[in-house]
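Q: I would like to learn how to read the sheets, the helix packing and the chain contact in a model like this one. Where do we start?

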Amino acid sequence: MRVLIVEDEVRLARNIADVLQATCGYAVDISVDGEDGRHMALTNPYDLVILDLMLPKIGGLSILRDLRSAGAGVPVLILTARDGTEDIVQGLDAGSDDYLTKPFEMAELVARCKALIRRGYDRPNPLIQVGLLAVDTRARSVQADGRPVELTAMEYRVLEYLALRAGEIVSKEDILEHLYDFDAERFSNVVEVYISALRRKLGGRQDAMVIRTFRGQGYRLEGENT
Amino acid sequence: MNRLSLRARFLLFSAALIVAAGLLIGGVAYYEYREGTMRAVDRTLRAKANGVLAALDDEGGPAGLKREADSIVGFRAGKRSPMYRVWRDGSRSDLVASDPADRDRGRWLRDIREVRAPDANSSIYADIGDEHNEFRALWVRSRAASGAGWNVVVAESTHYRLHEIGEMRNILFGVVACAGAVMLLFALLAVRRVLRPIQVVAGHLDRVTYRDIGADALRDSPVPPELRPFVESTAKMLERLRRAFETQERFVADASHELRTPLAVAKSSLQTAAAKGRSIEGYERAVREALEDLDRMQRVIEQLLILARLGRKAEENEAVGEIELEPFLADLAERYDAVAARGGGSVVVGKVAAATLLGRRTQLERLFGNLIENAIVHGPPSGTVTVEASPGDRGDVVVCVHDEGGAIPPEELPHLFDRFYRVDRSRSRHTGGTGLGLAIAREITLGHGGDIRMESSSDHGTCVFVRLPRLPEGSGRDP
């Protein structure tokens, strides 16, 4: 999952990024001014944008409006020190999905981020079930046919992303863009490496849970129920 | 009188007016009626007397004369019949009379002699009779051609007339009293009507709260033109209060924003550090950063307190003293030169006009200290900040704090002295600005009866001008 934080308090943005990376394994980009933040939000496929309102150059609300008018459906969480009811109403009306005022509890922010991302993929249940495969996004654990599966952080992230979009063909570029932040070095064959590792670790009854390859298009996670 | 309500005063006044008017109108009507009635009697008497005098010339003997006089006067049987008597000057007995002299009515006629007799060829009116039989009498003396004059007294009962006048008086009294009562009632209603707009306005004012000032509702309330100015000024006052509230609210919102942000950063640093096992360096960094954020909060709070104290009454502030401008500025420049030197810059004093200020030293130090600090921070690195002072044209002195910084957009200039206003928030964040330094500077300048403004251009850098009044009998003439 890839998250953008637009926040001019560099230290605060970095702390949030640290926590999201450590506890959820998200790839996080940080932007410290409105102009840069708007550009990044419009040009990258984020799963969540955390947006401050009072930003240098371009205000958070105007970034939000630009995003929505450009047709971006990405979940947006406004994180601001402005706590008036009017501000909250204005923020939600401008198209944000959630509103959190500073100072906040880090745990609450993380929980809201997870919930917003799940909603973004239309999967309100934190436990994603695809056939015999169960992905628990809370504990970040995976069970295949009732048997726990040990995955590395990157393998888990690939699987979680495929599970969120289970039944759809997910392109390799999509996977790459949602797994790595802006600065990460990318190797085109890294996805194939993770997919083959996942296939090997999940094992078991192939017809009940399978990552099918569509040549030139991408991968699809399939289960009995999907 | 002042303790009486407006309504009571109004009513008392109108009651007095109504009673006075009633008395006047009633009195005049009564007097006119009585005079008119009595004049009619007098005219009748005059005509009858003239008739009797004319009858004296007729040759008919005493019996004929009596018959004729009886008919002229209208004598008839009865106690209240008109009566008369005629006699010759000097004669003791009557030539002819309606009543015998020894009877009541005759005696009344004779008693008229006690009234001062009229001159010859003239007449006099008199009231005779007793308290139940009032008569009006006319005594005419005429000089006859033969020598001795005639005396004719004609009298007519005024008993019924007086009774009528009395009745008229009672009726008038009743009418005036009723009219007065009705008018008083109208006055009462009028007073209530007149005073109602005041109650309407008071009702509006009662509903005024901190949240809902309602100046427009007050303006729209139906009041007579006389109350307009009062309502208008009240509405204006409410508007001023509303603006003051709004300023205050905005300030509180800004202040809480300025405090919440570093609080959120500090909290996030500590929570991040606490969330997972960190290296010693990680913990140290979190603590150091949290302390920096607390410092920032502390600065904001201190500056807010300074601002709050500047708003206090004058007597609670530091005493006013005389300050020599030149050594004062030189001292400040020296102090801040050391600060600027750390960044490779410098603070120098340019041409300073000799002047003595009347002011509070600590506040003025804060004022110019803030401006110099601001100039150091916003000027180019290792730039020079210049402090100059020149005499103003109105017995004042203008101090200029100049830096070599770039142009500030003209539309920003008027807002720079607003609280928490920053051209570039992220930049001043790094320089430790609270957004209150210039607001404090303005507050101090205004408190000293001066004004402050800023000019900025890319060619000439940025300059803050502070105009302050100075002592006229200062330390000498301008150089």
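A: Start with pairing. Two strands pair if DSSP finds at least two bridges between them. The model here is predicted. In chain B, strand S10 (residues 396-403) and strand S12 (residues 461-469) are joined by eight bridges and run antiparallel. Within that pair, Cys400(B) stands opposite Phe465(B) of S12(B).

Q: In S10(B), which residue is the bridge partner of Glu388(B)?

A: Strands of a sheet pair through backbone hydrogen bonds, either parallel or antiparallel. Here Glu388(B) has Cys400(B) in S10(B) as its bridge partner. S9(B) and S10(B) run antiparallel, with six bridges. They form a hairpin with four residues between the strands, where Gly395(B) takes a positive phi near 65 degrees.

Q: How many bridges join S7(B) to S9(B), and do the strands run parallel or antiparallel?

A: Five bridges join them, and the strands run parallel. Val347(B), for one, is bridged to Val385(B) in S9(B).

Q: What is the strand order of the open sheet with mixed pairing?

A: The order is S7-S9-S10-S12-S11 in chain B, five strands in an open sheet. Strand S7 (346-352) and strand S11 (451-457) of chain B are the edge strands, each pairing on one side only. On average, neighbouring strands of this sheet are turned by 15 degrees against each other, direction ignored.

Q: Which strands does helix H8 of chain B lie across?

A: Helix H8 (residues 325-342) of chain B lies across S7, strand S9 (384-391) and S10 of chain B. H8(B) runs at about 160 degrees to S7(B).

Q: What is the order in the open sheet with antiparallel pairing?

A: That sheet also belongs to chain B, and its five strands come in the order S2-S1-S5-S4-S3. Strand S2 (96-97) and strand S3 (122-129) of chain B stand at the edges with a single partner strand each, so one side of each has no neighbour in the sheet. Inside the sheet, strand S1 (residues 83-88) and strand S5 (residues 150-157) of chain B run antiparallel and share six bridges. Met83(B) stands opposite Ala155(B) in S5(B).

Q: Now the two chains. How many residues of chain B are in contact with chain A?

A: The size of an interface is often given as the accessible area lost when the parts come together. A contact count is the figure to read here. In this model, 18 residues of chain B are in contact with 20 residues of chain A. On the chain B side, helix H6 (228-275) and helix H10 (425-431) are the elements that give two or more residues. H6(B) has the largest share, 13 residues. By class, this side of chain B has five nonpolar, seven polar and six charged residues.

Q: At what angle do H1(A) and H6(B) pack?

A: Two packed helices are described by the angle between their axes and the distance between the axes. Helix H1 (residues 10-24) of chain A packs on H6(B) at about 30 degrees, with the axes 9 Å apart. Angles under 35 degrees count as roughly parallel, so H1(A) is roughly parallel to H6(B). Their crossing is left-handed. Residues making the contact include Leu12(A), Ile16(A) and Val19(A) of H1(A) and Val265(B), Ser268(B) and Thr272(B) of H6(B). The contact has six nonpolar, four polar and two charged residues by class.

Q: Last, is Phe13(B) buried or exposed?

A: Count the neighbours. Phe13(B) has 12 C-beta neighbours inside 10 Å, so Phe13(B) counts as exposed. Phe13(B) sits in helix H1 (residues 6-56) of chain B. Its C-alpha atom is 10.0 Å from that of Ala187(B), 174 residues apart along the chain.

Definitions and conventions:
Residues are numbered from 1 along each chain as its sequence is written. Chains are lettered from A and ligands numbered from 1 in the order in which they are written. This is a predicted model: local features need pLDDT of at least 70, side-chain atom pairs count only at pLDDT 80 or more; totals for chains, interfaces and linings use all residues. Two residues are in contact if their C-beta atoms, placed from the backbone, lie within 7 Å. Ala, Val, Leu, Ile, Met, Phe, Trp, Tyr, Cys and Pro count as nonpolar, Asp, Glu, Lys and Arg as charged, and the others, Gly among them, as polar. Axes are lines fitted to C-alpha atoms, for helices over the stretch in contact, and angles run from 0 to 180 degrees between N-to-C directions. Angles under 35 degrees count as roughly parallel, over 145 as roughly antiparallel, 65 to 115 as roughly perpendicular and the rest as oblique. A crossing is left-handed if the near helix is turned anticlockwise from the far one by less than a right angle, and right-handed if clockwise. A residue is buried if 20 or more other C-beta atoms lie within 10 Å of its own, exposed if 12 or fewer, and partly exposed in between; C-beta atoms are placed from the backbone.
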